[in-house]
Structures are given as C-alpha cells and as structure tokens.
Amino acid sequence: MRFQDEIFGSEAQKTVATRARDLWRTYKNDGRYSYNGRAVVLTECEGDDTADLLISLTQAQGATACLFLPRAQSEKMQNAIRASGLSSNLWTMCRGQKSTYDAANRILNTYSLPEDLTVECLSQDTETHFVESFASMVTDCGVLVMSGRVMRGLDIPGVTLAAIDGAGNPVASAWGYKCYHEKSGYADHAFWGGLSCRKDRRGHRIALILGAMSIVRLWDEFQVRGFCTGVAAGNTASFSVCEKLGISPSDYVGFGITDPAMFQGGSLTR
Ligand SMILES: CC(C)(COP(=O)(O)OP(=O)(O)OC[C@H]1O[C@@H](n2cnc3c(N)ncnc32)[C@H](O)[C@@H]1OP(=O)(O)O)[C@@H](O)C(=O)NCCC(=O)NCCS
C-alpha cells in the first residue's frame, strides 16, 4: 500500500500508530470504534463494558482514548483505569455545528493570509519530503500528527491544510477527518483540529484562517455538520482560537489511556 510507512512522532507514538493502522482492518466495521491515523479509539463511551474495551485496546496498541465520555462518568472511569495499572488523562471535548460554519465564513470574509503564503491540501500527489517537513513542523509545535495516508486523505475522508511560505516551508496546519462510523451518533461530524503555527509566524491569524478554511471545505465538500476537538486544560491559545470559530466546551471529556511502560506522562492531545 502506498505511503503506509509514513508514520511520525516519537518511537512510542510510531509504535501505536503502526499497530493502529493494522488493527483498524479488524475494527472498522464496528460502529463503536473510530480511527484517525493515530490510534483506534472508542467513539461513544456509555456501555458498561467501556473500561474493559479501553484496557484491551491499550494492551493491543500501547495507547487509546474514548472521545465522548460524559464528564460525570470521568472519575469512575479514571479509577477503573488506574486499578488496571494504566495511565490516563482527560481533556475537554469542544464542539461546534452550523454556527461554526457561519463563524468560519465570517473569518474568511474579514481576514486574509499574509501575502507570502499559499495553502496546500495534502493528497497522494504531495511530495514525500514535504509531508515529512509538514509533520516535523506540526510535531515541533507539540501536536501529534496523523499517518501520512490519513493526512493525504486516503484512508478517511477529510482535509489536511498546510500554509506554506515563499521558500516552500510549511508554517501552519489545520485538519479535519470524517472518521466516525455511519451508525455512530457522530456520523456527520469531523474529528477536527490539528491547529499549529510555527513560533516565528504566530499572531497573524494564520492558524485561525487555516482552521476556518478547513471547516468550510469539510462542510461544503464532505457534508460535515459537526466539528469536535479535544483541548487540554491550560491550552489558552487553543481554547481561544476554537471559541472564535464557535467550537465551545461540551459536557463530554476526551479520555486518553496509555501504557506507562511506553509513555512517561505521555498524552494524546494538546
Ligand atoms: C494554537 C496556535 C496555533 C495559535 O496560533 P497563533 O498564531 O498564536 O494564533 P492566531 O494569530 O491564529 O490567533 C487567532 C486568535 O486567537 C487569539 N489568541 C491566540 N493565542 C491566544 C492566547 N494565548 N490567549 C488569548 N488569545 C489568543 C488571537 O489573539 C486571535 O484573536 P483575534 O482574531 O481576536 O485577534 C499556536 O499557539 C500553536 O501552534 N500552539 C501550539 C500547538 C497547539 O497547542 N495547538 C492547538 C491544539 S491542536
């Protein structure tokens, strides 16, 4: 399969992503699971067997998550995971719908990218060395990248946008993937985010504009009607950019589980 070895990040992250790539063939017809190029995860988390499923997915991959855990259940879930010897961390799930599409259009009508920048949507035609430098730029900003096949739009419908300077170097990113099973309650939603901007180019609304572009494309071309993203506590910049795009904290948390032998204090979101 072309590009199947485009897997990025630390050794532990690469191990999880490689296992997930292979496990996904087994899980993809089960509506409870989703895959976004990083890990096979549980989408909805309300069944009595949630903790057991999360533990077995972590044992198989090294890490997993449940994406929409009702906040009220988070303490009970944390206790169950801790008792199994695994590590966990929580983040806020933020969500936006039509008002997000409207906000994105308003932003695009109001602001423009700096003139030296162009935008590319990664695809099978994108040069391998560019995908690698894009992945490095995003990783340097502390964001976990997806597999090359996912970022190129080959395994899941979606878009990965790169803002590129005049020298051909990536300076910012935004993405969204329609990765939920058609039987899931989130079938028309996207796992959205991946906002990053190289430090020397921050403060010029590049990430905001790229995020808005990704939302409009997902709505118009992929019929996405909801945008969900996980934001770690204290990431003020991320909360702020999301809020400007009408993507606001929900009553759900994302719940990440890692094998402490592979990840020391590692987290799956930022
Ligand atoms: C998040 C990130 C992409 C924002 O990039 P940026 O260039 O600083 O932000 P922008 O210029 O696009 O800002 C857009 C808006 O958010 C606001 N904003 C950005 N950072 C902010 C902060 N720390 N506190 C408050 N507001 C902030 C800006 O003021 C701007 O608002 P305005 O349009 O009203 O002026 C950048 O900080 C980054 O790469 N962080 C590391 C990676 C990360 O955490 N990504 C998010 C998780 S996926």
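Guide: Start at Pro 70, which stands opposite Tyr 252 in strand β10. This is a predicted model: local features need pLDDT of at least 70, side-chain atom pairs count only at pLDDT 80 or more, and totals for chains, interfaces and linings use all residues. Residues are numbered from 1 along each chain as its sequence is written.

Strand β3 (residues 63-70) pairs with β10 (residues 248-258) in the antiparallel sense, over 6 bridges. Two strands pair if DSSP finds at least two bridges between them. Strands (E, at least two residues) and helices (H or I, at least four) are DSSP runs, numbered from the N terminus. β10 also pairs with strand β4 (residues 87-96), again antiparallel, over 8 bridges. There, Leu 90 has Phe 255 of β10 as its bridge partner. In a regular strand, side chains alternate between the two faces of the sheet.

Now the helix, α2 (residues 50-61), where Thr 50 is found. The 12 residues of α2 should span 16 Å at 1.5 Å a residue, and its end C-alpha atoms are 16 Å apart, which agrees. The expected span is 1.5 Å times one less than the number of residues.

Which residues of α2 are buried? They are Thr 50, Ala 51, Leu 54, Leu 57, Thr 58 and Gln 61. A residue is buried if 20 or more other C-beta atoms lie within 10 Å of its own, exposed if 12 or fewer, and partly exposed in between, with C-beta atoms placed from the backbone. Seen down the axis of α2, its buried residues fall within an arc of 130°, so they line one face of the helix. The arc is that of the directions from the helix axis to the C-beta atoms. An α-helix has 3.6 residues a turn, so residues three or four places apart point the same way. The exposed residues Asp 52 and Ser 56 sit on the face of α2 turned away from its buried side.

What covers that buried side? The cover over the buried residues of α2 includes β3 and β10, along with α1 (11-27), β2 (40-44) and α3 (74-83).

Look at Thr 50 itself. Thr 50 counts as buried because 20 other C-beta atoms lie within 10 Å. Leaving aside neighbours within four places in sequence, its contacts are Leu 42, Cys 45, Cys 66 and Met 77. Two residues are in contact if their C-beta atoms, placed from the backbone, lie within 7 Å. For scale, take Asp 116: Thr 50 and Asp 116 are 66 residues apart in sequence and 48 Å apart in space, C-alpha to C-alpha.

Tyr 101 is in helix α4 (residues 98-110). Tyr 101 counts as buried because it has 21 C-beta neighbours inside 10 Å. Beyond four places in sequence, Tyr 101 is in contact with Ile 215, Val 216 and Trp 219. Tyr 101 and Arg 82 are 19 residues apart in sequence, yet 39 Å apart in space, C-alpha to C-alpha.
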